[in-house]
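Good morning, and thank you for joining this group meeting.

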Amino acid sequence: SVAVQVAKALGARVAGTASAANQDLLRELGVDEPIDYASQDFGQMLSDVDVVLDTQGGEVRERSWGVMRPGGFLVSIVGPPKEGEAEGHGVRGAGIMVRTGGEQLEELARMVDDGKLTPVVSATYPLADAAEAHRSLETGHARGKLVLLA
């Protein structure tokens, strides 16, 4: 949800996938082309994509190569592509580990203040219920962030 909002704030046209139940959320976040991953194949719907943010890896990453324009860029939060894999598809690829620093956090705070970034919180839990919160995350169906309150 944050990546979509940051991309939109920077002027990008954004496509995104979610279940049918979350299509409205995609639109609220600013997604220009919402795709229901259960009934639609993004590989058939998208082409000439400049940047893919890979949050899944595996089969989803494999299908992502085909939607990118030559010279495009795949950025993965689940691990970098194997050596030579991106180049074999005529694109660039990298894995990232988000390391926020003071400057980045200040910029994100400005975006929140300016109304360009709205954190999506699906539930809050008292710290004593951290195990319950973790079980909720394990379902893979959290619609936003889960927050533990001390």
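What share of the contacts in the chain with a separation of 6 or more comes from residues 24 or more positions apart? They account for 21%, where contact means heavy atoms within 4.5 Å. This is a predicted model, in which local features need pLDDT of at least 70 and side-chain atom pairs count only at pLDDT 80 or more, while totals for chains, interfaces and linings use all residues. Residues are numbered from 1 along each chain as its sequence is written, and side-chain values use heavy atoms, with hydrogens and water left out.

The chain holds 7 helices and 7 strands; these are DSSP runs, helices being H or I with at least four residues and strands E with at least two, numbered from the N terminus.

Let us turn to the sheet. Strands pair if DSSP finds at least two bridges between them. An open, parallel sheet is formed by 3 strands in the order E3-E4-E5. Its edge strands, E3 (49–54) and E5 (92–95), each pair on one side only. Between E4 and E5 there are 4 bridges, and valine 75 stands opposite alanine 94 in E5.

Isoleucine 77 lies between strand E4 (68–76) and helix H5 (85–88). Of the 150 residues of the chain, 28% count as buried.

Note on methods: Buried means under 20% relative accessible area, exposed over 50%, partly exposed in between (1.4 Å probe, protein chains only).
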